[in-house]
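Trainee: I would like to go through some of the labels used for this structure. Please set each one against its cut-off.

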Amino acid sequence: MPHTTRVLRSEWTKIRSVRSTLWTLATALVVTVGLSAVFCALTASQFDNLGERQQATFDATQTSFSGSVLGQLAMIAFGVMVVSSEYSTGMIRSSLAAVPQRTVFLAAKIFVATMLVLVVGMITSFLAFFVGQALLGENSVSIQDEGVLRAVLGGGVYMTLLALFAMGISFVLRSPLLAFAILMPFFFLISNILTGVSATKDYAQYLPDQAGKTLTAVVPESLNRPYGPYEGLLIMVAWTVAALIAGWIVLKRRDA
Amino acid sequence: MIELRGLTKRYGDKTAVDHLTFSVQPGMVTGFLGPNGAGKSTTMRMMLGLDSPTSGDVHIDGKRYDQLRDPLNYIGALLEAKAVHGGRSAYNHLLCMAQSNNIPKKRISTVLDLVGLSDVAKKRPKGFSLGMGQRLGIAAALLGDPKILMFDEPVNGLDPEGIHWIRNLMKHLASEGRTVFVSSHLMSEMALTAEHLVVIGRGKLLADTSMADFIAKNSRTFVRVRTPQPERMRDVLGSVGVMPVFEQDGGMQVEGIEPARIGELAAWYQVVLHELSPQKASLEEAFMQLTAESVEYHAQDQTSPQGAPQRGGPQQGGWQQQGAPQQGGPQQGGWQQGGPQQGGPQQGGPQQGGPQQGGWQPDHGGNPPRKRR
C-alpha cells in the first residue's frame with residue numbers, strides 16, 4: 001500500500017474514533033435543518049405582512065438555508081477540533097513521530113476531513129432545502145428552477161469551505177481555545193455587523209462567509225452584492241487556500 | 001545506532017542544547033543524564049524530528065528522522081509529555097499509528113498484552129492513571145517492534161511496582177540487541193539500568209562514558225583524618241609514602257591506606273587523632289559535582305553543591321558532620337551538650353589525657369558559636 005494511502009487510512013481512523021466528530025457534525029446538520037425549517041414556517045405564515053420590496057426579492061432557496069447562520073458554527077467547531085485537538089492533547093507528537101513528512105500529514109488530515117464535511121454538508125443542504133420548501137408552501141421553489149440546484153449544492157460547498165478555513169486557521173493558532181475565541185465571534189457576530197454597517201460594508205462583503213452567501217442565493221437582489229455566485233465562490237476559495245497555506249507554513253516551520 | 005553531530009538548539013539568545021556530539025550504541029541501555037532543564041527532552045525531540053535543530057543533525061541508522069519511511073519500525077519513543085488523545089480508545093490510538101506505518105493489526109493486541117492493558121483496550125485514556133498512561137505510551141513505542149527505543153524520564157511519577165517493571169523491560173529490550181536510550185535526572189536510577197552514560201548540563205556534553213568507568217572514576221574512597229598535630233601526621237604518613245590532602249577546615253583526606261593502618265601509625269608515633277573515618281562518595285554526589293556548575297536553578301541552601309567542591313568535594317556526608325553541625329544528626333547531641341571540653345563521641349579518650357587537652361582546646365575554642373549558626 002502506498003504511503004499516502006496508509007496515512008489517509010490512519011487519519012480516517014483518528015477522525016472516526018473521537019466523539020467530537022459525531023457531535024459537531026450532527027449538530028451542524030440538526031441545527032441548520034431545524035432552524036431553517038423554523039424560519040421557513042415563520043416566513044410562510046408572515047409572508048403577506050412583508051413589504052413589497054421584500055416580497056419582490058424573496059429568495060426561497062436562501063431562506064431554506066438560513067439556519068446555517070448557527071449551523072455553520074458547528075462546522076467551524078468541527079474544523080477547529082480536528083486540527084487543534086492534536087495540539088491540545090499532545091497527540092501531534094505521536095502523529096508526527098509516526099508521519100514525519102509533515103506535508104503528507106497535513107494533506108491527508110485535510111483531505112479526510114474535507115470528504116466527511118462535504119458529505120455531511122451536502123446532506124444538510126439538501127435536507128434543509130426540501131424541508132424548507134415543503135413548509136414555504138405556495139412561496140416555495142422547485143429544485144429544477146433556474147439556479148436553485150446550484151444554490152443548494154452551493155450550501156454544501158459553503159459549509160465545506162468554512163470548515164476548511166477553520167482547519168487552516170487552527171494549524172496556525174494550534175490552540176483550540178484561541179481558535180474558538182477568534183473564529184466563533186467572527187463568524188457569528190463581527191462579520192455580520194461589519195457587513196451591516198454602511199461604512200464597512202464595501203470591504204466586509206468580501207469576507208469569506210459573506211462571499212460564500214452568494215453561493216446559496218438564487219435572487220441576487222436579496223443580497224445586493226457587486227459580484228455573483230461564481231465570483232463569490234472564488235473569493236471564498238481564495239480565503240480558504242490562504243488559511244491552509246498559512247497553516248502549512250506554520251506546521252512546516254514550527255517545533256511540534 | 002543514533003548519531004548526534006554538533007546538535008544545537010537556541011531559543012532566542014538562550015542555548016538549550018549546545019553542540020552535542022555523541023552516539024548511542026545498540027545492544028545496551030544508554031542513560032541520558034542531566035539535571036532538570038539540561039536539555040534532555042529538547043535533544044530527544046530533535047532526535048524524533050519534532051523540533052528542528054538550530055544547527056547540527058541527528059542520524060538514525062544513517063538517515064535523518066524525516067527521511068525514514070515508516071519510522072515506527074526503526075525507532076519507538078516514549079516522550080515525557082503525554083502524546084495521546086484522551087478521547088480516543090487505547091486500541092484506536094495504536095490502530096491509527098499502526099496504519100500509517102504499515103504495522104499489522106495483530107501487533108496491537110500483542111503490545112497491549114505486553115504492557116498489560118488488554119482489559120482496557122476499548123477504554124478512553126482520559127480515565128487512565130499515570131502508570132496506565134505510561135504503559136500506553138510504551139505500547140506505542142513498541143508497536144513497530146523497533147530496533148531503537150527512546151524513553152524520556154519513564155519512571156517519573158510511577159509507583160515502585162511500575163518503576164520495577166520499566167527497569168526490567170528496558171534491560172530485557174537491550175538484551176534482545178536493541179538500542180535503548182533512556183533519560184533521567186536521577187543518577188541512582190541510571191546506576192541500576194544503564195551500561196553506558198551520557199551526561200549533559202546546560203545543553204553541553206559533560207561525560208560520555210561506560211557506567212563501569214564512571215563508577216570507578218567517581219566512587220572515590222578515602223579516609224578523613226583530623227588531628228591537632230597535622231604537620232606531624234603528614235610526616236608520619238609521608239614516611240609510608242602517602243600524601244594527605246588538606247581540607248579548608250583543617251581535616252585531611254588520605255587515600256591509598258587502610259583506616260586501621262593510619263590508626264596504628266598514629267598510635268606508634270603518638271599523634272592524637274580527633275577523627276578517623278572512612279569516606280565513600282556516592283554516584284549521586286559524583287553526578288551532582290559533575291553538574292554543579294551547570295544546574296539551571298540553584299536552591300538557596302548552604303549545602304548546595306556549589307559550595308561543596310572547595311570544602312572537600314564529593315564527600316558531602318562527611319562534610320556535613322564537621323562543617324555544618326547545625327544540621328543535626330546523632331553525633332551532635334554529644335557535641336552540643338558537652339561543649340568543647342568533651343571530645344566528640346568518635347574520639348572517646350582525649351578528654352582524659354591531660355597533655356593533649358591543652359593543644360586541643362584552643363583548636364576548638366572558636367567552634368561553638370559557629371555550630372549554632
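Trainee: Which residue lies over the face of Tyr91(B)?

Mentor: Lys122(B) does, at 4.3 Å from the ring centre. A charge sits over a ring if NZ of Lys or CZ of Arg is within 6 Å of the ring centre and within 35 degrees of the ring normal. The charged end of Arg135(B) also sits over a ring, that of Trp165(B), 4.4 Å from its centre.

Trainee: What should I keep in mind about the source of the values?

Mentor: This is a predicted model, in which local features need pLDDT of at least 70 and side-chain atom pairs count only at pLDDT 80 or more, while totals for chains, interfaces and linings use all residues. Side-chain values use heavy atoms, with hydrogens and water left out; residues are numbered from 1 along each chain as its sequence is written, and chains are lettered from A in the order in which they are written.

Trainee: Why is Arg174(A) called buried?

Mentor: Buried means under 20% relative accessible area, exposed over 50% and partly exposed in between (1.4 Å probe, protein chains only). Arg174(A) has 15%, so Arg174(A) is buried. Arg174(A) lies in the loop between helix 8 (148–173) and helix 9 (176–196) of chain A, where helices (H or I, at least four residues) and strands (E, at least two) are DSSP runs numbered from the N terminus. Arg174(A) has a positive phi of about 70°, although it is not a glycine.

Trainee: What makes Glu153(B) count as buried?

Mentor: Its relative accessibility is 7%, so Glu153(B) counts as buried. Glu153(B) too has a positive phi, of about 45°, without being a glycine. Its place is in the loop between strand 6 (148–152) and helix 5 (160–175) of chain B.

Trainee: How many aromatic pairs are there over all chains?

Mentor: The count comes to 10. Rings of Phe, Tyr and Trp (its six-membered ring) pair if their centres lie within 6.5 Å; planes under 30 degrees apart count as stacked, over 60 as edge-to-face and the rest as tilted. One of the pairs is Phe165(A) with Trp239(A), at 6.3 Å centre to centre and 80° between the planes, which is edge-to-face. This pair links distant parts of the chain, with Phe165(A) in helix 8 and Trp239(A) in helix 12 (residues 229–253) of chain A, 74 residues apart. Phe165(A) is buried at 9%, whereas Trp239(A) is partly exposed at 33%.

Trainee: Why is the pair of Phe22(B) and Phe181(B) called tilted?

Mentor: Their ring centres are 6.0 Å apart and their planes stand at 40°, so the pair is tilted. Phe22(B) in strand 2 (residues 14–24) and Phe181(B) in strand 7 (residues 179–184) of chain B are 159 residues apart. Both Phe22(B) and Phe181(B) are buried.

Trainee: How do helix 7 and helix 10 of chain B cross?

Mentor: The axes of helix 7 (residues 211–218) and helix 10 (residues 283–291) of chain B come within 10 Å and cross at roughly 85°. That makes the two helices roughly perpendicular. Angles under 35 degrees count as roughly parallel, over 145 as roughly antiparallel, 65 to 115 as roughly perpendicular and the rest as oblique. The axes are lines fitted to C-alpha atoms, for helices over the stretch in contact, and angles run from 0 to 180 degrees between N-to-C directions.
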